[in-house]
Amino acid sequence: MKAKLGMSPIAWWNDDLPELSDDVSLEECLRQSRSAGFTGMEQGRRFPSNPEEMLPILRAADVTLCGGWFSGTLVNEELAANKDRIAPMIELFKAVNAPCIVYGEVGRSIQGDRSKPLATKPRLSDDEMKAYGRRVTEFGEWCAEQGMPLSYHHHMAAVVETEPELDAFMRSSGEGIPLLLDAGHLAFAGGDVLRAIGNHHARINHVHVKDIRKPVVDGLDRSRQSFLDAVALGAFTVPGDGSLDFGAIVQRLADHGYEGWFVVEAEQDPRKAPPQKMAEIGHAELMRVMTAAGYTVETEGFPKG
């Protein structure tokens, strides 16, 4: 089985917490991740928005674009508005041959609001979840028809956060909206990562290998502290530096035949957790567990020729 290893630039620049950002260029971010062994990078705020600018940067760094976040609002906004906003991103991602766009629901979410405690996250009724699942499926099918598949990202402080909410969303939605499995977000929400893989492996088309520091997560006062407070306290880290058993997680994905991207997304304070050092730790741990699970990790970055 083949796999590819990518990173998210959130280790270098945090869009929601500017104080957790390193003043490094896009080129330096790509250089550091590539030197650690990663062949892909998800899109971040310092990426250019057109292929004429992006492709030379990717080529020079010898990496590919392995995904990128779209802030969806289908829980409280019409399909047409989301189609209009995502259309330029679809064209860009097609032009640079990215594998998918990550759909993150921000409608009604409190993930970016430091004043809102975790316990106040939005919740959907059964009927609301059914309608939401149908709407997101329709949107995913439309994006695929345009030539770019989506990958649905369950997320802390959003309408699909917990394992029961993920199960309900998957029942309410269809194959037209594949799933991004994020180990760190699901574990933070109290879910069983291995069980979720077993239940939903047929729809997983992208994986975020985010680790958590369980003592930090367990020590949170969810009636008072927000998602961004948790990030600032160091709730997340890279595989090999946290509490999750990525040997078991990767093996479970291998058992179900998953092939594709494993992307390290670990937002931290770069002054406390230097991104290049953390990238090296994460890459070493992933290579260890992926080799044990029978994966061949591809080493080619930007396509030659």
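Predicted model: local features only at pLDDT ≥ 70, side-chain atom pairs only at ≥ 80, totals over all residues.
Numbering starts from 1 along each chain as its sequence is written, and side-chain values use heavy atoms, with hydrogens and water left out.

β4 (residues 69–72) and β5 pair in the parallel sense over four bridges; two strands pair if DSSP finds at least two bridges between them. Strands here are DSSP runs (E, at least two residues) and helices likewise (H or I, at least four residues), both numbered from the N terminus. Val102 stands opposite Ser151 in β6.

Strand β6 (residues 150–153) has Leu150 and Tyr152 pointing one way and Ser151 and His153 the other, and all are buried. Buried means under 20% relative accessible area, exposed over 50%, and partly exposed in between (1.4 Å probe, protein chains only). In a regular strand the side chains alternate between the two faces of the sheet.

His153 turns up again around His185, which belongs to helix α6 (residues 183–188). With a relative accessibility of 1%, His185 is buried. Setting aside residues up to four places away in sequence, His185 touches His153, His154, His155, Met156, Lys210, Phe227 and Phe236, where contact means heavy atoms within 4.5 Å.

Helix α5 (residues 163–172) is also well covered. Eight of its ten residues are buried, so α5 is largely enclosed by the rest of the structure. The buried set consists of Glu163, Glu165, Leu166, Asp167, Ala168, Phe169, Met170 and Ser172. Their cover includes α4 (126–145), β6, β7 (179–182), α6 and α7.

One of these partners, α7 (residues 193–200), packs against α5 at an angle of about 5°, with the axes 11 Å apart. Axes are lines fitted to C-alpha atoms, for helices over the stretch in contact, and angles run from 0 to 180 degrees between N-to-C directions. The pair is therefore roughly parallel; that label covers angles under 35 degrees, while over 145 counts as roughly antiparallel, 65 to 115 as roughly perpendicular and the rest as oblique. On the α5 side the contact is made by Glu163, Leu166, Asp167 and Met170, and on the α7 side by Arg195, Ala196, Asn199 and His200. These residues divide into three nonpolar, two polar and three charged. Ala, Val, Leu, Ile, Met, Phe, Trp, Tyr, Cys and Pro count as nonpolar, Asp, Glu, Lys and Arg as charged, and the others, Gly among them, as polar. An α-helix has 3.6 residues a turn, so residues three or four places apart point the same way.

Helix α11 (residues 275–292) holds Met287 and also His283. Met287 is partly exposed, with a relative accessible area of 28%, whereas His283 counts as buried at 14%. Beyond neighbours within four places in sequence, Met287 contacts Leu5 and Val297, and His283 contacts Leu5, Ala36, Gly37 and Phe38. Met287 and Leu5 are 282 residues apart along the chain, yet their C-alpha atoms are separated by 9.1 Å.

As for annotation, an unreviewed UniProt entry lists residues 31–277 as "domain: Xylose isomerase-like TIM barrel". In the model this span is 42% helix and 14% strand, and its end C-alpha atoms lie 13 Å apart.

Note on methods
UniProt positions renumbered as here; feature names shortened; annotations may be inferred.
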